[in-house]
Amino acid sequence: MLRWLFISVAISFASSIKITLMNQPGLRLSLETNINGGISIISERRGVASVLSVIGYFTGPEIEVDPRLNNVAIKFTNNTSVKITATNVMRPRKGVVVFVDWEAPSDIRLGDCINLDSNHWYGGPQQKRQFWPIEKLVLPDYSYITKEADNCGVAEPYWLSSSGTFFFFDRNVPLFVDQNTIVRNAACFIAEIKPPYTKRRNRNDLDYVIGIFDDVRQAHEYAVDVILKKPKGHPDERMLTHPIWSTWARHKRNISHDVVLKFADEITEHGFPNSHIEIDDLWEKCYGSQTVDARRFPDMKSTVDALKDKGFRVTLWTHPFINKDCEPWYTEAKEKGYLVVSESGSVETSWWNDNGTTTAYIDFSNEEARKWYVDRLKILQQAYGIDSFKFDAGESSWSPQIPVLNGNVLEQPVSITEAYVRTVAEFGDLVEVRSGYRTQDLPVFVRMIDKDSYWTFENGLPTVVTTLLQMNLNGYPLVLPDMIGGNGYNAPPTKELFIRWLQANTFMPSMQLSYVPWDFDNETIAISKKFIDLHAKYAPAIIAACRRAVTMGSPVNTPVWWVAPRDPTAQEIWDEYMLGEDILVAPVLAREARVRDVYLPPGSWWAQGDPSRVYPGGEWIRDYPAPLDTLPYFVRTSAPAI
């Protein structure tokens with residue numbers, strides 16, 4: 001392991017570069033040649049010096065250095081150059097921003113590394129085994145695109161440290177991340193033109209921003225305001241207040257007019273409220289037809305009308321694919337050039353519903369293809385009274401490899417995700433998507449990719465909380481948790497797992513059910529009603545948090561450190577979350593647990609929202625009681641009464 005990259009700066013450097021980049025009260029930035037290769041960016045803050053990063057990991061010796069204060073340019077023997085510029089910023093937070101801009105021939109590999117082990121880290125790629133904080137992730141030469149593998153539906157190139165530093169990479173970088181393999185306890189950011197990036201690029205770039213602020217919250221607030229951007233609106237308020245009911249996990253593809261209406265009747269007969277009912281997979285004649293299968297739904301208009309008579313709104317599941325045997329739509333799209341084509345000229349790719357054939361991916365980088373896709377969905381809406389859609393997939397990895405897309409070649413292939421999500425967002429505030437790239441500004445729900453019905457970090461219940469935090473800290477505050485209880489791909493959830501999962505969702509933006517309480521017993525029904533009602537009771541706080549996300553860019557569900565950004569204990573907590581700044585939630589995530597430890601940040605807190613049960617913050621509550629019908633939560637005493 002190349003541990004030497006981050007040895008203490010107290011060691012004497014045999015350097016050819018020793019440059020002060022910035023020197024001001026509270027912060028000194030300097031560049032020094034690392035004795036074992038590359039150039040160290042050294043930060044001295046609060047009397048402590050540390051190596052912020054080592055740049056130029058793959059470059060040769062420098063041949064020309066232009067050392068100006070706040071602006072250094074360096075050229076290397078392999079026709080590679082880097083420009084490093086530091087500037088003070090005052091709004092929305094006071095700090096320093098450093099721009100690192102590499103440029104190299106297309107056949108040169110670039111790489112810079114940052115030290116992980118001295119701080120906690122947040123952001124990074126959405127993952128199936130979603131750790132929080134993320135410094136424990138192992139990512140070997142990881143292509144940084146949206147992809148089905150590892151549940152990486154959201155791939156924002158943003159890393160935020162507990163010290164108040166962030167790194168954000170430009171969209172033109174053919175980025176790979178190597179975390180904890182090339183260099184132990186480090187993340188190396190590598191720009192290399194190889195698959196899944198096209199060789200049609202005429203140069204290589206590694207451009208990024210380093211933000212340095214007084215604490216982690218200030219750093220993130222700056223990043224959201226200036227780089228990540230705020231959502232322009234929020235989802236429908238009924239969707240934020242009452243449950244979404246989906247046919248998927250409980251019924252999978254076995255749906256029909258009778259199945260859907262029976263499901264709706266069960267919901268109303270058991271006295272549960274609703275936002276809407278979502279008709280999932282296999283209502284289509286064939287995948288990509290956007291045409292109703294009359295064998296399953298002989299009269300979809302009557303199905304929708306019946307559901308609306310029962311008080312439901314209705315959404316349909318859909319996707320960006322057309323299977324090869326889905327005619328005449330497949331041939332029409334292919335002949336009109338509406339499908340993504342690989343560099344070898346093929347439109348054929350695959351997805352989970354191939355059905356023994358191949359599929360094609362609508363080319364959302366093509367304006368005419370986008371219109372064709374949207375127009376057909378609008379026809380469905382108008383014909384049957386559909387309220388909106390659940391949009392699945394969208395990751396760039398579904399494209400035939402390597403895809404040829406319209407637009408700037410330096411932004412491909414992940415640009416198709418942005419094009420897809422921006423296209424479908426026009427269907428209004430009931431929309432949900434599951435992928436995202438530079439789309440934090442859209443006022444739609446971003447759903448967690450399918451969770452499994454496990455108690456473990458193998459995509460199970462604990463990752464509902466860690467994924468919630470990961471998505472919020474990537475600038476996606478409008479998070480739709482996946483089905484309560486998981487998707488049951490191996491086996492349906494147990495009663496206990498279902499109840500604990502539902503409790504964990506209570507203070508998240510929305511509750512999505514498919515497995516139902518009455519599949520278990522009366523106790524499950526009673527407990528489920530208790531927490532669905534509690535979610536509705538606190539819906540004004542959820543809606544207020546969504547509005548703050550729009551106006552201020554704040555996460556809806558914040559990590560505990562959000563209200564104590566310099567608290568080292570708060571910085572490492574992964575199994576608690578907050579709604580806004582005044583409600584702390586500590587769900588039970590372990591099988592058969594009936595107590596749990598809870599850490600409260602500074603302040604005074606009402607246990608279970610009860611003013612007679614006051615706990616001081618800044619310390620642990622050990623063995624807090626949490627029987628099966630109890631979700632530990634705490635309301636800060638300064639919070640308005642609900």
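**Cavities and a glutamate**

Modeller: The structure holds three cavities of 30 Å³ or more. This is a predicted model, where local features need pLDDT of at least 70 and side-chain atom pairs count only at pLDDT 80 or more, while totals for chains, interfaces and linings use all residues. Residues are numbered from 1 along each chain as its sequence is written, and side-chain values use heavy atoms, leaving out hydrogens and water.

Biologist: What is a cavity, and what volume does the largest cavity have?

Modeller: Rolling a probe the size of a water molecule over the atoms shows where empty space is left. A cavity is a set of points, on a 1 Å grid over the protein atoms alone, where a 1.4 Å probe fits but cannot get out. Volume is the space filled by probe spheres set on those points, joined across faces, edges and corners. Here, the largest cavity holds about 110 Å³.

Biologist: Which residues lie nearest the centre of the largest cavity?

Modeller: Lining residues have an atom within 4 Å of a point. There are 18 here, and Y144, V173, Y197, V414 and Y437 lie nearest the centre.

Biologist: Is E576 buried or exposed?

Modeller: Buried means under 20% relative accessible area, exposed over 50%, and partly exposed in between (1.4 Å probe, protein chains only). E576 is buried, at 1%.

Biologist: What does the side chain of E576 reach?

Modeller: The backbone nitrogen of Y599, at 2.8 Å. A polar contact is a pair of N or O atoms within 3.5 Å; within protein, one must be able to donate a hydrogen and the other to accept it, and residues adjacent in sequence count only if both atoms are side-chain atoms. Contact means heavy atoms within 4.5 Å. Leaving aside neighbours within four places in sequence, E576 is in contact with residues including V465, R596 and W620.

Conventions. 1 Å grid on protein atoms, 1.4 Å probe; cavity = no way out; pocket = protein on both sides within 12 Å on 5 of 7 lines; lining within 4 Å.
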